[in-house]
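Please look through the model below with this briefing beside it. The notes that follow are grouped by topic.

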Amino acid sequence: MSIKERLHALRELMYKKNIQAYIVVTDDFHSSEYVGKYFKVREYLSGFTGSAGTLVVLKDRAALWTDGRYFIQAEEQLKGSSIELMKSGQPNVPDITEYLYSSLNEGDTIGFDGRTVNNAFACKLIEALRDKSITLSYQVDLADEIWTDRPPLSKEPVWELDVKYTGLSKEEKLDSIREKMAETGADILLLTALDEIAWLLNLRGNDIACTPVFLAYMIIEKSSATLCVHKEILNDEMIQQLENDGISLADYNDFYSLISETDNDKIVQLDGNTANYCVIKSIPENTKIIDNQSPVVLMKAIKTPAEMNNIRAAHIKDGMAVTRFIYWLKHNTDKENITELSAAEKLEQFRAENGTYLGPSFAPIIAYGAHGAIVHYEATEKTNVRMEPKGLCLTDTGGHYLEGTTDITRTIALGKLTQEEKTAFTLVLKGHLNLAAAKFKYGICGENLDYLARHPLWEHGLDFNHSTGHGVGYLLSVHEGPQRIYWNASANPKHYILEEGMIISNEPGYYLEDHFGIRHENLVLVRKGKKNSYGQFMYLENLTMVPFDRDAIDTALLNSDEREWLNAYHKKVFDTISPYLNGAELEWLKKVTEEIK
């Protein structure tokens, strides 16, 4: 069926069930950023493949909301679908609640699969539409009746991550969580986010592409715990270890019935930003609920000393692979038929030569020329283009290693550049260097630092439409909260102090639609610096070890501090990576990391 035919079939079901608006989010049952094939309902109904977006279908029209990373991509993919693109956060663009309020009549019904809609969003709907007496029909998965060849739920085997990589056993983590429960007075803690469960149990899986997690829920009490999971994905040894640690097993699908049996005198804690609406509605009505951010969020964001040491090792391996890839790309574009897809395969080969490499941490972005202006572009057989010895190629890729997760963007000059390209490249680099060199007092949030990265662009009336930095998990999600670096403080209701041990990306960019895109990304580790009478000072340690392309830099635009910072970084890259290279690759690295006078 075409997208229009799928929407027509959906509307017929809506009419039969007396539903005037149907909402389809991107999430799975756990509010995951990336989801398994079974959960790609929004993509099935709209044709839009981005990782963020919400579809609203009415009887006579439909609209899709997404953020600035995907404006160009969504505009292209929604052509001919009859779905209107709503560019979230842009002037005169209504949000979803405003759109529904103006479109629905009093007493109408909104339908959605409550297992995929988090409680925070459902509560926002209820509050915004209260005076219209709107009914929420939250147990309707209409797409399941249309999607006849829908893939099954994934049930991939689970594997254990040794404590030498994590630094803490699951027993120690459980003890810490129970201490946090005691602080809030919770008798029961519900964990519904997959990365939180995987982190807690030191287990990893493969139920979501590029994110090594497994489908599960967890119920933690003061002296016991229950893991709701497809039991066939665990081996006998894991089951025995879990039992030894006081963790019993229940079926994945039994979670809702188990929490429905909660005693009314128990206090239940959950995180409404990840717990879905059906979870909330399954808890007995008179049970006291504490809706707080999960204690696991900050615990896993602050890496252990073992994780910090391991992640440095991962970036040496990754730096070696990406550096070799850049050398290969720059020296072979004019000799071979290199396309975006074949380049991605080549980089994967370089990474796979490292024995602890497990796979990509997200779908690779190899974007040549105008494709670089699409922030989260992903090459397909249809869009794949051959690279030529001219212009820019934006490469945003990452890997999972036993030692941790990487994420790096380099913009590579494949030949002669225009002055406009070199100027933009250098302005973005100036912002990157400014942020990398930041020294700040403890207590600062990412919002305080964002100006450092945007200032060189803002001076020229330029900007980029995404955050400057996101947190990164340890062999988990490549995008991990709660820390972030973003200029708009009002976009986040809560602000989080940058703590030692947090990993965050430094990735300013610039995108000129239909021409080129530029992004420079390193991962940095928040570290404690000097402490004196003024307080504790902090700094950012560069983890990524890959040179920036000097062929694209207009050195006249760099001030003395920026030259010094770049020279120091390139010296560290050479000292770190050179022992693993030889021959022509080593000679090239020596040349491209030489001091800029």
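Which strands does helix H8 lie across, and at about what angle does H8 run to E10? Helix H8 (residues 170-184) lies across E8, strand E10 (216-221), strand E11 (225-229), E12, E13 and E14, and runs at about 65° to E10. Contact here means heavy atoms within 4.5 Å, and angles run from 0 to 180 degrees between N-to-C directions of axes, which are lines fitted to C-alpha atoms, for helices over the stretch in contact. Helices (H or I, at least four residues) and strands (E, at least two) are DSSP runs, numbered from the N terminus.

This is a predicted model, in which local features need pLDDT of at least 70 and side-chain atom pairs count only at pLDDT 80 or more, while totals for chains, interfaces and linings use all residues. Residues are numbered from 1 along each chain as its sequence is written, and side-chain values use heavy atoms, with hydrogens and water left out.

**The six-stranded sheet**

- Six strands form an open sheet of mixed pairing, in the order E12-E11-E10-E8-E13-E14, where two strands pair if DSSP finds at least two bridges between them.
- Strand E12 (247-251) and strand E14 (288-291) stand at the edges with a single partner strand each, so one side of each is left without a neighbour in the sheet.
- On average, neighbouring strands of this sheet are turned by 20° against each other, direction ignored.
- Strand E8 (residues 188-191) and strand E13 (residues 267-270) run parallel and are joined by two bridges, with Gln269 in E13 as the bridge partner of Leu189.

- Strand E3 (residues 62-66) is largely enclosed by the rest of the structure, because five of its five residues are buried; buried means under 20% relative accessible area, exposed over 50%, and partly exposed in between (1.4 Å probe, protein chains only).
- Ala62, Leu64 and Thr66 point one way from E3, whereas Ala63 and Trp65 point the other way, and all are buried.
- Strand E2 (residues 54-58) pairs with E3 in the antiparallel sense over four bridges, with Leu55 opposite Leu64 in E3, and a hairpin joins E2 to E3 through three residues.
- E3 and strand E4 (residues 83-87) run parallel and are joined by five bridges, with Ala63 opposite Glu84 in E4.
- Together, E3, helix H3 (residues 71-77) and E4 make a right-handed β-α-β unit; right-handed means that, with the strands pointing away from the viewer, the path from the first strand over the helix to the second runs clockwise.

**Helices H14 and H19**

- The axes of helix H14 (residues 305-332) and helix H19 (residues 583-592) come within 10 Å and cross at roughly 95°.
- That makes H14 roughly perpendicular to H19, since angles of 65 to 115 degrees count as roughly perpendicular, those under 35 as roughly parallel, those over 145 as roughly antiparallel, and the rest as oblique.
- The contact is made by Thr323, Arg324, Ile326, Tyr327, Lys330 and His331 of H14 and by Ala584, Glu585, Trp588 and Leu589 of H19.

**Backbone details**

- Most residues other than glycine have a negative phi, and most peptide bonds are trans.
- A cis peptide bond, with omega of about 5°, joins Gly481 and Pro482, and Pro482 lies in strand E23 (residues 480-485).
- Asn92, in the loop between E4 and helix H4 (96-103), has a positive phi near 65° and counts as exposed at 82% relative accessibility.
- Asn202, in the loop between helix H9 (194-201) and strand E9 (203-204), has a positive phi near 55° and is buried, with a relative accessible area of 5%.
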